Number of protein chains: 2
Amino acid sequence: MKWRELDGTSCSVARSLAIVGDRWTILILRNAFLRTRRFDDFQAQLGITRHLLASRLAKLVKLGVMSKVAYQERPPRYEYRLTEMGRDWYSVQLALVAWGDKWLAGAAGPPLEFLHQKCGHKFRPVTVCSECREPLDTRDITPIAGPGLRPPAAVTP
Amino acid sequence: MKWRELDGTSCSVARSLAIVGDRWTILILRNAFLRTRRFDDFQAQLGITRHLLASRLAKLVKLGVMSKVAYQERPPRYEYRLTEMGRDWYSVQLALVAWGDKWLAGAAGPPLEFLHQKCGHKFRPVTVCSECREPLDTRDITPIAGPGLRPPAAVTP
DNA sequence: TGACAAGGTTCTATTTTGGAACTTACTGTA
DNA sequence: TACAGTAAGTTCCAAAATAGAACCTTGTCA
C-alpha cells in the first residue's frame, strides 16, 4: 500500500497519519506550540532541510492545520500559525509527551514539565471518559461500528 | 539532522518519535490493539511489505513496546504482544482517533465509536489535568524546565 | 554600491520504501 | 515417498523520499 492511499481508508488513525504521519510534521507542530512562527526559525530550531520544511508547511496549510499570514507587505514576509484544527492537535502532543516522560525519560526525569495556569499546579495529562470522567484503560474499551464505517471493515478498521 | 540523532535530544516528543515516529509502526500498534498478533495477519491486514514489517516488529521488540512469544515449539511459531509500555501507548492512539474523528471524518461521522464498559456509554476521550481534573487547553499551559532538561534548551526543547 | 535578511527553489547523492520472489522448517494428505 | 500447504522471515531490484548544499528573489539599510 502506498501512503497516498491511506486517507481513503475508513480509520481515523490512518486518516490522521495521512496528514501528520511523518516525524518532521509532528516536530514542526511541537515547535509551533512553543511559539515558533517563521520559516527560518523553524529551520534553525529543527535542523530540517529548507526543502522539506517548505513542503511540510505547504501541506499543513493546504490541509487547514496551519495558516500562512503576511506580517509585513514590503518585502512580503509570512508567518505560520496554528489554526483551531492545529491547536486541537495539542491533546495528541500531550499524550505523546506523557508517554515519552513515563517510558523514555529514565532516571534524569522529564526534560520539560507543565504548569496548569487554572489551578497553579504541575500536572500530567490524564485521558478520561467524556461521560463518567474516569481514567480510561484499554481493557475497558470496546470499539463498535460508527456511522462513517465503510467496508472492508475487517481489513482496515 | 538524521533520525538516529533524535532520541538523543532532550525532548519527550522527539524521543517518542524515535520509536514510533513512522506511520507503519503506528498502524502496527493500532492493529495490535485490535488483537492482531501474528506476522502474516499483520501483513495481510496492513498491506505492508513483509520486509518492512519484520524490521518494524524487531524494533518494537528491541525497544520494549512489544514482546515476541513462541506459541508453539515445532515448528517454532511466534506471536507479538503489547507489553505494558505498548498498552500505555493507547492514550496516544485515543487522542489520535479523537482528532481524526473531529477534523477528518466529515459528514459521514466517525468510522468507529467506543464503548466504555465501566459506565456503559459511548464516549470521547478527554484530556484533563491530573491535579484539578479540568479539561486542558493549550493557552492555559506553561512549559517549564524539568529535571531531565539538557542544553541546548532553546534548540530542541 | 555592496552587504544583509527572509523565504524560498534547485540540484545531486544517499537512504528508505514498495513489490515480488525465494528460503526454511515443519505438518498433513494421497 | 512425494507433494501441497503454512508461518515467519530474507533477498533482490526499482522507485520514491530525504539530506545537504548552493542558488534565487525581493527588498532594506549603510
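Domain bounds here come from an automatic or database domain assignment. In this predicted model, the assignment divides chain A into domain 1 (23-83) and domain 2 (89-139). The C-alpha centres of these two domains of chain A are 26 Å apart. Contact between them involves four residues of domain 1 and four residues of domain 2.

Helix packing was examined next between the chains. Two packed helices are described by the angle between their axes and the distance between the axes. Helix H2 (residues 23-33) of chain A packs with H1(B) at an angle of about 170 degrees. Their axes lie 10 Å apart. Angles over 145 degrees count as roughly antiparallel, so H2(A) and H1(B) are roughly antiparallel to each other. On the H2(A) side, Arg23(A), Ile26(A), Leu27(A) and Arg30(A) make the contact. H1(B) contributes Val13(B), Ala14(B), Leu17(B) and Ala18(B). By class, six residues of this contact are nonpolar, two are charged and none is polar.

The model holds two cavities of 30 Å³ or more. From chain A, its lining takes Leu17(A), Val20(A), Ile26(A), Trp89(A), Val92(A) and Leu96(A). From chain B come Leu17(B), Val20(B), Ile26(B), Trp89(B), Val92(B) and Leu96(B). Two or more lining residues each are given by helix H1 (12-20) and helix H6 (90-103) of chain A, and by helix H1 (12-20) and helix H6 (90-104) of chain B. The lining comprises 12 nonpolar residues, with no polar and no charged ones.

Definitions and conventions: Residues are numbered from 1 along each chain as its sequence is written. Chains are lettered from A and ligands numbered from 1 in the order in which they are written. This is a predicted model: local features need pLDDT of at least 70, side-chain atom pairs count only at pLDDT 80 or more; totals for chains, interfaces and linings use all residues. Side-chain values use heavy atoms; hydrogens and water are left out. On a 1 Å grid over the protein atoms alone, a cavity is a set of points where a 1.4 Å probe fits but cannot get out, and a pocket is an open set with protein on both sides within 12 Å along at least five of seven lines; lining residues have an atom within 4 Å of a point. Grid points are joined across faces, edges and corners, and a volume is the space filled by probe spheres set on the points. Helices (H or I, at least four residues) and strands (E, at least two) are DSSP runs, numbered from the N terminus. Ala, Val, Leu, Ile, Met, Phe, Trp, Tyr, Cys and Pro count as nonpolar, Asp, Glu, Lys and Arg as charged, and the others, Gly among them, as polar. Axes are lines fitted to C-alpha atoms, for helices over the stretch in contact, and angles run from 0 to 180 degrees between N-to-C directions. Angles under 35 degrees count as roughly parallel, over 145 as roughly antiparallel, 65 to 115 as roughly perpendicular and the rest as oblique. Contact means heavy atoms within 4.5 Å.
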